[in-house]
Structures are given as C-alpha cells and as structure tokens.
Amino acid sequence: MPELAEVEIVRRNLERWWIGRAAQEVIVADDDLIVPSSREAVITALSEPAYAAMRRGKHLWVELGPSRHALLFHLRMTGKITLEDTPQARFTRLAWLIPEVGWLCFKDSRRLGTLEHLAPGLITSSAPINKLGPEPDALDGPSLKLRFGRSARRVKELLLDQRVIAGVGNIAVSEVFWQLGLHPSVRPKQLDDDDYQRLSDALTSHFAQLLVSEQADELHYVNQGKAQNPFMVYLREGQPCPRCQAPLERMTFGGRSTYYCPRCQPARAPA
Ligand SMILES: [Zn+2]
C-alpha cells in the first residue's frame, strides 16, 4: 500500500504531465477499474482539462474543469500511473492520451486499484477525504499528543489510523520507531512531551527525505521485491541492525508488521 511519499511522487508526475490539458483519446481496457462510477462519467471528466492534481494522506485525485469533476485514483497494492508511448503498455487498465505529452497509463498487475468519479465540487466533503486526520507536517509534539488523547491503543495503531493522522503506513512506523528507539508495542501513556516532539519531527523528516531522495521513483514497489530496499529496518527481518548489529525482528499486531531491533528498541516500563 503506497504511503504519503509514494503518492506524492505520483501527484507531482501528474502535475507535470497533465495539468492544463485535456485527454484527446481514452481507452478503457478494463471496465472493472471504474467503480462505483460509470464509464461515461469518467470519459466525460477526462475530456475536460485537468487543473489540479491533489493529495491528502495516501489519497490522490485530479480535478478537471470547468465543471470541477474529480477523479479519485485508488492505487491499492500495485496501481501506478506512468507515461508511455503506447496505450498497450503491460498491465494497462486505462489509458488517456495527453496531446504533445503521451499516453498516461493506469497500470495495475494485481487489478486491485479503482478509479472513482466524484460529482463536481464534492471531493473534499466526501469519504474518504473528509475523514482524514492532519498531514504529519501539520502536527507538532503537543498537537500529536492531543490527537492521541487518552487512547489505550498502541502508538503504532494510532499512527496507522488515517483519521488520527493521514499518510502514515507500516514503512514509516518501522523506520521512525527504530530511529527513536521506540518498542513496537509502546502506548501513548508511556511517552513524555519530548517523545511526542521527537515522534512528530521524525515522521515529518521521514517523508521529506523520501521526497528529495534520488530513489524516489523506486520506492513504489519495495513490497514486491522488485526495487532495491532503501530502508534501514523495513522488510529486513534477520538482517543485522544498522546501529548495533543485533538481528532485526518482526512483530505483528492485527496483521500489520513492524520491523525492529530488540536491543535498540527495548520495551518501556508500564506507565
Ligand atoms: Zn540495534
């Protein structure tokens, strides 16, 4: 599942390729991509010039005018949007031709992604966008603490809850917890004010660094083992901790894995 930085990279690409232009031709190769909207609504929207490529959390949409249609791209596990010379690129489910630019192809090998049309002007007042918490860089230590409130859930679960904070996923949690020496099972009442500030700073800089990284375009499919793993601990179970050389471990709650170092990230005493 792409996290904030990966989705932001797609957004920047769409901004470069698409804004100010309308699709000249549209090829729907897989009708199942377009749910729950109608194929006609999507084709009509694509016939108007795109004027904004937007992101909130892990969600990406494009607004098209003058009618202010919105197309919400759910990339899910393997969805990506690439610029191609041909609409027949492998795994293409939808292709639209941008004059003087090329074919934009929604490619998706596992076919879990969807493309949803939202009626003009409704995108930010509709689910899922209206349910999202603030972006990581909009929070500081005190405001993050406030959002956690008196919750008895684990810090990790709160960070993965998109209503609490938007855009954070398993990769960010593993990397940031390792950096701060936080055990995967730590709970809010075990954090002090300094911890909250460090956590907020580390989340912001985690995403900021990914976005300036040369490897930004490679981030996408690390989960599929097709790209080199640019992370310190994520997916590195059994490998030596980059800090202390102890073998890294993996801990799973509710099906979500956190990779961590048992030596650098000891459990804290109950608060
Ligand atoms: Zn270590």
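Student: Which residues coordinate the zinc ion, and through which atoms?

Tutor: In this predicted model, the zinc ion is held by the SG atoms of Cys241, Cys244, Cys261 and Cys264, at 2.2 to 2.4 Å. Donors are N, O and S atoms within 2.8 Å of the metal (3.2 Å for Na, K and Ca); water is not among the atoms, so sites may look incomplete.

Student: What is the arrangement of the four donor atoms around the zinc ion?

Tutor: Four donors count as tetrahedral if all angles lie between 85 and 135 degrees; four count as square planar and six as octahedral if opposite donors are over 155 degrees apart and all others between 65 and 115; anything else is irregular. Here the four donor atoms subtend angles of 100 to 114° around the zinc ion, so the arrangement is tetrahedral.

Student: How are the donor residues spaced in sequence?

Tutor: The spacing is C-x2-C-x16-C-x2-C. Cys244 lies in the loop between helix H6 (193-212) and strand S9 (249-253), and Cys261 in the segment after strand S10 (256-260), so this pair ties together parts that are 17 residues apart in sequence. Helices (H or I, at least four residues) and strands (E, at least two) are DSSP runs, numbered from the N terminus.

Student: Is Cys261 buried or exposed?

Tutor: Buried means under 20% relative accessible area, exposed over 50%, and partly exposed in between (1.4 Å probe, protein chains only). Cys261 has a relative accessible area of 0%, so it is buried. Ala269, also in the segment after S10, is exposed at 60%.

Student: How do I read the packing of H1 against H6?

Tutor: Axes are lines fitted to C-alpha atoms, for helices over the stretch in contact, and angles run from 0 to 180 degrees between N-to-C directions. The axes of H1 (residues 4-18) and H6 come within 9 Å and cross at roughly 40°. Angles under 35 degrees count as roughly parallel, over 145 as roughly antiparallel, 65 to 115 as roughly perpendicular and the rest as oblique. H1 and H6 are therefore oblique to each other.

Student: What is the handedness of the crossing of H1 and H6, and which residues meet there?

Tutor: A crossing is left-handed if the near helix is turned anticlockwise from the far one by less than a right angle, and right-handed if clockwise. H1 passes H6 in a right-handed crossing. Contact means heavy atoms within 4.5 Å. On the H1 side, Leu4, Ala5, Glu8, Ile9 and Arg12 meet Phe207, Leu210 and Leu211 of H6.

Student: At what angle do H5 and H6 pack?

Tutor: The angle between helix H5 (residues 170-180) and H6 is about 125°, with the axes 10 Å apart. This pair is therefore oblique, and its crossing is right-handed. Residues of H5 at the contact include Ile171, Val176 and Phe177, and those of H6 include Leu199, Leu203 and Phe207.

Student: Where are the cis peptide bonds, going by omega?

Tutor: One joins Val35 and Pro36, with omega about -5°; Pro36 is in the loop between strand S1 (25-28) and helix H2 (39-46). Another runs from Gly65 to Pro66, with omega near 5°, and Pro66 sits in the loop between strand S3 (59-64) and strand S4 (69-74).

Student: What does Ser67 touch?

Tutor: Ser67 lies in the loop between S3 and S4 and is partly exposed, at 30%. Not counting residues up to four places away in sequence, Ser67 touches Glu48 and Pro120.

Student: What is phi for Phe91 and for Arg111?

Tutor: Phe91 has a positive phi of about 70° although it is not a glycine. For Arg111, also not a glycine, phi is near 60°. Phe91 is partly exposed at 39%, and Arg111 is partly exposed at 46%.

How values were computed. Residues are numbered from 1 along each chain as its sequence is written. This is a predicted model: local features need pLDDT of at least 70, side-chain atom pairs count only at pLDDT 80 or more; totals for chains, interfaces and linings use all residues. Side-chain values use heavy atoms; hydrogens and water are left out.
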